[in-house]
Amino acid sequence: MALNARLDHRNPLVFDTHELGRRPGAQQRLTRSVDAPKDLGIKGVVGVPEGAPVELELRLESVMEGVLVTGTARADAKGECVRCLEPVELELEADFQEMFSYPDADERGRVIAEPDSDAEDDEDRLFIEDGLFDLEPVLRDAVVLALPMQPVCQDDCPGLCSACGARLADDPDHHHDAVDIRWAALQGLAGSLEDGEKDEMSGAEPGVDEKQEK
């Protein structure tokens with residue numbers, strides 16, 4: 001990953017490593033509560049609402065080539081059941097580990113005179129900039145991996161009725177009388193004949209039946 005624009009230390013997801021220093025083996029533990037950024041999760045499916053609290057526990061470890069960040073993020077995620085479309089809430093716990101490299105060191109920790117930010121080898125790397133690193137891309141990846149791709153309100157959710165859309169969990173006995181389409185036309189014809197017979201009977205002249213009996 002190429003170097004980004006200058007990081008803002010006021011951003012709650014930007015962390016300072018100056019106190020840790022560049023002494024290999026040095027460690028620092030941090031806890032921080034931050035507001036969830038926009039679109040934290042699987043868009044349109046499930047995620048942490050923007051502004052909701054996200055609790056972070058981090059361990060920063062100095063190594064030759066940079067700072068190894070290991071942590072856990074905890075938050076409440078919200079979404080929609082893919083079967084019955086009811087709201088779903090779940091507790092999210094996402095673990096992650098990422099290396100943030102010094103821009104002036106290669107993968108073995110050796111200092112290089114002129115780091116090339118456009119090198120192909122740097123495309124997938126995250127960097128420390130002026131002693132700061134941005135945790136947001138790591139947090140986003142970790143949250144997406146920790147969330148269910150198809151959230152359900154309960155494991156055995158029966159979903160919705162395919163005929164009328166009723167929620168089957170609310171009415172376990174819900175059903176519709178099935179009609180074989182092969183007989184549907186005949187049933188309609190039979191109904192038409194019955195209606196025709198009724199019309200003929202209602203239009204008969206009074207006394208006709210009596211004369212026929214005599």
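Helices (H or I, at least four residues) and strands (E, at least two) are DSSP runs, numbered from the N terminus. By that rule, Gln 28 is found in strand S2, residues 27–35.

A word on the ground rules. This is a predicted model, where local features need pLDDT of at least 70, side-chain atom pairs count only at pLDDT 80 or more, and totals for chains, interfaces and linings use all residues. Residues are numbered from 1 along each chain as its sequence is written, and side-chain values use heavy atoms, with hydrogens and water left out.

Back to Gln 28: its relative accessible area is 14%, so Gln 28 is buried. Buried means under 20% relative accessible area, exposed over 50%, partly exposed in between (1.4 Å probe, protein chains only). Contact means heavy atoms within 4.5 Å. Leaving aside neighbours within four places in sequence, Gln 28 is in contact with Asp 16, Glu 19, Leu 20, Leu 58, Arg 59 and Leu 60.

Now for the greasy part. A nonpolar core is a set of buried Ala, Val, Leu, Ile, Met, Phe, Trp, Tyr and Cys residues joined through side-chain atoms within 4.5 Å. The largest one has 34 residues, and Val 48, Val 54, Leu 56, Val 69, Phe 96, Phe 133 and Leu 135 touch the most other members. Among the elements that each supply at least two residues of this core are strand S5 (53–62), strand S7 (87–101) and helix H1 (136–146). The largest share, five residues, comes from S6. As for Leu 56, its contacts beyond four places in sequence include Leu 13, Phe 15, Arg 32, Ala 73 and Leu 139.

Then the rings. Rings of Phe, Tyr and Trp (its six-membered ring) pair if their centres lie within 6.5 Å; planes under 30 degrees apart count as stacked, over 60 as edge-to-face and the rest as tilted. A search of the whole structure finds two aromatic pairs:

| Pair | Centre to centre | Angle between planes | Type |
|---|---|---|---|
| Phe 15 and Phe 133 | 5.5 Å | 15 degrees | stacked |
| Phe 100 and Phe 133 | 4.5 Å | 35 degrees | tilted |

Phe 15 lies in strand S1 and Phe 133 in strand S9, so this pair ties together parts 118 residues apart in sequence. Phe 100 lies in strand S7, so its pair with Phe 133 in S9 ties together parts 33 residues apart. Ring pairs link Phe 15, Phe 100 and Phe 133 into a cluster. Phe 15 counts as buried at 1% relative accessibility, and Phe 133 does at 0%.

Finally, the charged end of Arg 32 sits over the ring of Phe 15, 4.0 Å from its centre (the test: NZ of Lys or CZ of Arg within 6 Å of the ring centre and within 35 degrees of the ring normal).
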